[in-house]
Amino acid sequence: MKAVIYHSVSKNQRCRNIAKDIDGDHFEIKGTKKYISFVPLQMVVYGFKTVASSRIKLVELNIDFDKYDEITLVCPVWADRVNAFVRQFLQNNKFKNKKITIIGSCDGGYNKYFDSFTKYIDDSNEIVEKIIYVKGIQE
């Protein structure tokens, strides 16, 4: 079975739309605080939290990882890396011996994105696929 875990805050909900097209059980990572809706401020605040590795309080998902042999992570690229919400999720939720697919969505600038996951995903997992969507189009 596959768990599709995603985070999406953009007005277009690109990551949510990408995730919903993937078969599996879907789980949305959400913060406990209301999201900033003004895009320029959103970019500054969430970009800073990503770069500064700030802790984020998340709504608990209670995923039984033993049920899944595959995990797909779908999230926006922020500051060329895994965003603060997904990073916090991975720090809070350790899983082992899974096949992992990482999917990112951005407007450009993702050279370090996939590498930024390595310190948050246990070495027993196998990253089987890395996919990037730039402005909603898969490259």
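Helix α2 gives the most to the lining of the second largest pocket, with 3 residues. Helices here are DSSP runs of H or I with at least four residues, strands are E runs of at least two, and both are numbered from the N terminus. The model is predicted, so to speak with care: local features need pLDDT of at least 70, side-chain atom pairs count only at pLDDT 80 or more, and totals for chains, interfaces and linings use all residues. Residues are numbered from 1 along each chain as its sequence is written, and side-chain values use heavy atoms, with hydrogens and water left out.

Let us stay with that pocket for a moment. A pocket is an open set of points on a 1 Å grid over the protein atoms alone, where a 1.4 Å probe fits and protein lies on both sides within 12 Å along at least five of seven lines; lining residues have an atom within 4 Å of a point. The second largest pocket has a volume of about 240 Å³, a volume being the space filled by probe spheres set on the points, which are joined across faces, edges and corners. Its lining has 13 residues, and the closest to the centre are Lys 33, Lys 49, Ile 56, Lys 57 and Phe 85. By class, the lining holds 6 nonpolar, 2 polar and 5 charged residues. Here Ala, Val, Leu, Ile, Met, Phe, Trp, Tyr, Cys and Pro count as nonpolar, Asp, Glu, Lys and Arg as charged, and the others, Gly among them, as polar.

Now turn to the largest pocket, with a volume of about 570 Å³. Of its 22 lining residues, Ser 10, Met 43, Val 77, Trp 78 and Asp 107 are the closest to its centre.

Next comes the interior. A nonpolar core is a set of buried Ala, Val, Leu, Ile, Met, Phe, Trp, Tyr and Cys residues joined through side-chain atoms within 4.5 Å, where buried means under 20% relative accessible area (1.4 Å probe, protein chains only). The largest core has 33 residues, and Ile 5, Ile 71, Leu 73, Phe 89, Leu 90, Tyr 113 and Phe 117 touch the most other members. A second, separate core of 10 residues includes Val 4, Cys 15, Val 74 and Ile 131.

Finally, look at Ser 105 in strand β5. Ser 105 is buried, with a relative accessible area of 4%. Beyond neighbours within four places in sequence, its contacts (heavy atoms within 4.5 Å) include Arg 14, Cys 15, Val 77 and Tyr 133.

Note on methods. Buried means under 20% relative accessible area, exposed over 50%, partly exposed in between (1.4 Å probe, protein chains only).
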